[in-house]
Amino acid sequence: MLKIQLPSPIHPLKSPLLEQKGLRLLIKRDDLIHPIVSGNKWRKLQFNLEEAIRQGHSTVVSFGGAYSNHIHALAEAAPAYGLKAIGVIRGEAPTVYSSTLVFAQAKGMTLSFIDREHYKEKNSPIFIENLRAQYGPIYLIPEGGANANGAKGCEAIVQELPQDYDVVCVACGTGTTLAGMVNALPLGKKAIGFSALKGGAFLENDVSTLLTQPSLHWRIETQYSFGGYAKWTPELITFIAKFEEEHQVPLEHVYTGKLFYGLIELIKKDHFLPGTTIVAIHTGGLQGKITF
Ligand SMILES: *Cc1c(COP(=O)(O)O)cnc(C)c1O
């Protein structure tokens, strides 16, 4: 079994800006819940792996890119549950594997590379039928753990929070983590998602479909994606380096760097009333951190 350290630690961040604006900012360190299966990827896998076992499956299949935090987490977590994992990887098989793929393979994950055109069809009945023909009975976990079981696991993120906060902020890829958090959000609290992807209108729809009841207490910031998924600018990289030095908290450029960049921008623009307590969720993802 995996030794997951819950609840994840939470601690305040201090800075002249926060003092000047009269704000309290807490960071919840989901990056620290496990050395490998970190952050929201564990939260999203938990009920999926339990469901696979409950349904009597011995094999789980999921999807992702060559640097996917989700594939990385699944490669570690599935064998700990006695499950065999198959990773359907976007793109042709590379001549040199990314560290994520090297790790996944070493953990016994079977890697199946699918060119980008066909990968787009990964949720179609015919694609899934082909997977079943190839691998036999399989439990499917969508890319990024983006299903109701994934969202359910993320409810615990807000359930673990102390009561004295006003707003909780999180980075969004599929929006599953945000949806789970909104589903468990106590009355009077708000949630803001920071999109790591370009655009974000589709995200609002994706989040809505995972809500267990309609809610008006959340929204998505789409201004801080830095051009799209995994894209970055020197400004973002400089911000991350400064943040890490000031707070001794590691960030990466795909999700958490953009979250904190966007959040600090909102703070600078007086988006929050003085006296507001903000919680930012560190969703992990540091396995994919590259040094610039
Ligand atoms: C996957 C990931 C996210 C996005 O989570 P979603 O539930 O897909 O929105 C955010 N942060 C990190 C570090 C991630 O790895």
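**Before you look: how the parts are named.** Helices (H or I, at least four residues) and strands (E, at least two) are DSSP runs, numbered from the N terminus. This is a predicted model, in which local features need pLDDT of at least 70, side-chain atom pairs count only at pLDDT 80 or more, and totals for chains, interfaces and linings use all residues. Residues are numbered from 1 along each chain as its sequence is written, and side-chain values use heavy atoms, with hydrogens and water left out.

**View 1. The whole protein.** Start here: the secondary structure comes to 11 helices and 10 strands. The radius of gyration (taken over C-alpha atoms) is 19 Å, close to the 19 Å that the globule rule (2.2 Å times the number of residues to the power 0.38) gives for 292 residues, so the protein is as compact as a globular protein of that length. Its C-alpha trace spans about 60 × 40 × 35 Å along the principal axes. Of the contacts (heavy atoms within 4.5 Å) between residues at least 6 apart in sequence, 72% join residues at least 24 apart.

**View 2. Inside and outside.** Buried residues (under 20% relative accessible area; exposed means over 50%, and partly exposed is in between, with a 1.4 Å probe and protein chains only) make up 55% of the 292 residues. The protein exposes about 13400 Å², and carbon and sulfur atoms supply 54% of this area; the area comes from the Shrake-Rupley method with a 1.4 Å probe.

**View 3. Helix α8, residues 176-183.** Eight of the eight residues of α8 are buried, so this helix is largely enclosed by the rest of the structure. Can you find them? They are T176, T177, L178, A179, G180, M181, V182 and N183.

**View 4. Aromatic rings, with F226 and Y261.** The whole structure holds 11 aromatic pairs. Rings of Phe, Tyr and Trp (its six-membered ring) pair if their centres lie within 6.5 Å; planes under 30 degrees apart count as stacked, over 60 as edge-to-face and the rest as tilted. F226 and Y261 make an edge-to-face pair, at 4.8 Å centre to centre with 85° between the planes. F226 lies in the loop between β9 (218-221) and α10 (234-247) and Y261 in helix α11 (residues 256-268), so this pair ties together parts that are 35 residues apart in sequence. Both F226 and Y261 are buried.

**View 5. W232 and F292.** The ring centres of W232 and F292 are 4.4 Å apart and the planes stand at 65°, so this pair is edge-to-face. W232 sits in the loop between β9 and α10, while F292 belongs to the segment after β10 (277-282), so to speak a link between distant parts of the chain, 60 residues apart. W232 is partly exposed at 40% relative accessibility, and F292 is partly exposed at 49%.

**View 6. An aromatic cluster.** Which residues form one aromatic cluster? They are F194, Y224, F226, F239, F243, F260 and Y261.

**View 7. Backbone details to look for.** L6 and P7 are joined by a cis peptide bond with omega of about -10°, and P7 is found in the segment before β1 (10-13). A230 is not a glycine, yet has a positive phi of about 65°; A230 lies in the loop between β9 and α10 and is partly exposed at 31%. Q248, also not a glycine, has a positive phi of about 55°. Q248 lies in the loop between α10 and α11 and counts as exposed at 62% relative accessibility.
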